[in-house]
Number of protein chains: 2
Amino acid sequence: MRLDDLETPAMIIDVDVMEDNLRRMAAYSGRHGIALRPHIKTHKMPRLARRQLDLGAHGITVAKLGEAEVMSEAGLEDLMLAYPPIGEAKARRLRAVLERARVSVSLDSEEAVATTGRAADGARIPVFVEIDLGARRCGVPPGPEAVRLARLIEATPGLDFEGLMFYPGHVHPDFDGNNNTLENLVDELQRLLELFAAEKFPVPRISGGSTPSAPYCHLIPGLDEMRPGTYIFNDRNTLEWKSCTEKQCAASLLVTVISNAVPGRVIVDGGSKTFSSDPLGPGTRKGHGLVRGYPEMILFFMNEEHGFLELPPGVRLKVGQRLRVIPNHICGAVNLHDVVFPYRGQEVLGEWTIEARGRIR
Amino acid sequence: MRLDDLETPAMIIDVDVMEDNLRRMAAYSGRHGIALRPHIKTHKMPRLARRQLDLGAHGITVAKLGEAEVMSEAGLEDLMLAYPPIGEAKARRLRAVLERARVSVSLDSEEAVATTGRAADGARIPVFVEIDLGARRCGVPPGPEAVRLARLIEATPGLDFEGLMFYPGHVHPDFDGNNNTLENLVDELQRLLELFAAEKFPVPRISGGSTPSAPYCHLIPGLDEMRPGTYIFNDRNTLEWKSCTEKQCAASLLVTVISNAVPGRVIVDGGSKTFSSDPLGPGTRKGHGLVRGYPEMILFFMNEEHGFLELPPGVRLKVGQRLRVIPNHICGAVNLHDVVFPYRGQEVLGEWTIEARGRIR
């Protein structure tokens, strides 16, 4: 089948670009001796997790237990649950996953320590203390509270303190200039490690790293592991952060113009149920995607099934014409699709089911 | 099972509120003699479409052929495809649905007439001309172009001109005062009907109506049919438009606080994959949802699995505590879930599969 024969809207994946993205990150990881543990939240497919392992990743990262279940059932054996499990149901499900896979857990509260301890139930679980180094999402402050939580982990039957984990979501390529987020992060991490040393409390591992911060991981002293996700496909956000080029964007939404009746605009058959409404993070450019070949054409509004494209002066599009659009945020977009279509050139190579789509619990 | 036993995040539906919403719209429809053809894009479940028919709806509306397939396979027999079909694959699928159900089609281009004509293939398809009465999405201008398209439909074997269809997405309860969108709509429709009359071209039916415009449908002379969707559940948008009260919001997202480690905020276990990132349309209030019982608490940011709640002064939330949040846009939120949980009081009544979720093609 050729791309022209695919029904739209459809998410299409350029497999050569994807492979190149995977190899480039693996090479960086190898060059700097920082273990790669990709977050599967972006692709949500065991087959691509296995490809990441084939290229040198030493395990994968998941957020929700539903993702851990899908991945471990597909034979993935080394997972980090980068999300605090809370409550009896999560303990029960984590215990079941532990029968199939090694699972480390990152957490930031006594409640999550208790849940993880109940999950261990005779097994041993490596546990990271999540610290907040500026992203202000999860994570205890990098001070005595982190040591206290590490001690609680060590004191809990079945749990081993595995080290410190952080999410550097606030660190981007433009960190230099007036943006000193990376320097602050390194300083805070260093002071915390001194505190652990003063307490004679060993910190076995340090895990960090997102896609935009990936090129700077080697500048973080002591970092053992990085967990980027988006790099496998890239998107308009990573493009705007200058974390990739347009040619390194592996995923597009293939859409069809279904109406040009209203002057000055056309409507395509993908809207918020195809692209997601996730906003463009950086920069001042608006809209919901980058139209390949038409950089000036703005996808300025969406309903669920309607994408509104503003036509630049002199541009006309016919009903039935197809466009490829790079979404703002590929992780949210993949989550809306049941399948993606890998392709090379004009040839569609098959259909990949997104097994962990929608595993939000 | 009780609500307290449900794993989070989960979408929960208050069945009594839903039933009341359905009855209220059906009563309005009956009182004014305007046929009700609800859009199933909101709930995406045949069981709820059937309930709408039981209460007096005379058919349903769908957007994509995938929705038409799910609904017709479940025994729904009278559909409007409120979306122009374009291309051979859509013609083939529409033809298959026609074997199970009456399907009317709304469209606004010669290309869509051609596709629909190919789909007819011996059957007869009632076709509406979609006109743009101000929403500026799909629809030809309300002038000679509409008459021309109606003539083309009549001239196409298998197709019957069924009338005029419009989407009044720009008409809201605050239309009075400085907002004259409804008056303009009525004027433009009236002039177009005069044009059809001057051409001696009968217009059998006129179909319009969204949830926010629903209370004003009887003020549109000649309107035969209304197609609201959101009213079954309502959401923060319809609340802000004053189309409903908070008590009439039937759907909430049940979420759990999973971190309170960063001062001034807590993180809940639902983010953009639970709520969707759909923005709040009207008003000046920001955020991604209304936290029931905490009107001052802002869900100010989301990652895929993290909802960031800003704590008002003096409010503290424990890890493990549960909250119910009304999403900005219920249609986009439902599309993210595989199931919803109907409940009455504290009792969970079962689990409803969202059969037409993700049917974007």
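The contact between the two chains takes 60 residues from chain B and 60 residues from chain A, where contact means heavy atoms within 4.5 Å. The model is a predicted one, in which local features need pLDDT of at least 70 and side-chain atom pairs count only at pLDDT 80 or more, while totals for chains, interfaces and linings use all residues. Residues are numbered from 1 along each chain as its sequence is written, chains are lettered from A and ligands numbered from 1 in the order in which they are written, and side-chain values use heavy atoms, with hydrogens and water left out.

**The interface**

- Chain B and chain A bury about 5000 Å² between them, and 51% of this area is on carbon and sulfur atoms.
- Buried area is the accessible area (1.4 Å probe) that two parts lose on being put together, summed over both.
- Glu7(B), Arg137(B) and Arg361(B) supply 14% of the area that chain B buries against chain A, more than any other three residues.
- Between chain B and chain A there are 12 salt bridges, a salt bridge being a side-chain nitrogen of Lys or Arg within 4 Å of a carboxyl oxygen of Asp or Glu.
- One salt bridge joins the side chains of Asp338(B) and Arg357(A), at 2.8 Å from N to O.
- The elements that give two or more residues to the side of chain B that touches chain A are α4 (88-98), β10 (251-259), β11 (265-268), α9 (272-275) and β16 (339-344) of chain B.
- Helices (H or I, at least four residues) and strands (E, at least two) are DSSP runs, numbered from the N terminus.

- In chain A, 8 strands form an open sheet with parallel pairing, in the order β2-β9-β8-β7-β6-β5-β4-β3; two strands pair if DSSP finds at least two bridges between them.
- The edges are held by β2 (35-36) and β3 (60-62) of chain A, each with a single partner strand, so one side of each is left without a neighbour in the sheet.
- Strands β5 (residues 102-107) and β6 (residues 125-130) of chain A pair in the parallel sense over 3 bridges, and Ser106(A) stands opposite Phe128(A) in β6(A).
- Helix α4 (residues 88-98) of chain A packs on the sheet, where it touches β4 (78-81), β5 and β6 of chain A, and its direction makes about 145° with that of β5(A).
- Axes are lines fitted to C-alpha atoms, for helices over the stretch in contact, and angles run from 0 to 180 degrees between N-to-C directions.

**The sheet in chain B**

- Chain B has an open sheet of 8 strands with parallel pairing, ordered β2-β9-β8-β7-β6-β5-β4-β3.
- Its edge strands are β2 (35-36) and β3 (60-62) of chain B, each pairing on one side only.
- Strands β4 (residues 78-81) and β5 (residues 102-107) of chain B run parallel and are joined by 4 bridges, with Asp78(B) opposite Arg102(B) in β5(B).
- Helix α7 (residues 181-198) of chain B lies across β7 (159-165) and β8 (205-208) of chain B, at about 150° to β7(B).

**Local features**

- A cis peptide bond, with omega of about -5°, joins Thr8(A) and Pro9(A), and Pro9(A) is in the segment before β1 (10-14) of chain A.
- Ser276(A) has a positive phi of about 75° although it is not a glycine; this residue is in the loop between α9 (272-275) and β12 (289-291) of chain A.
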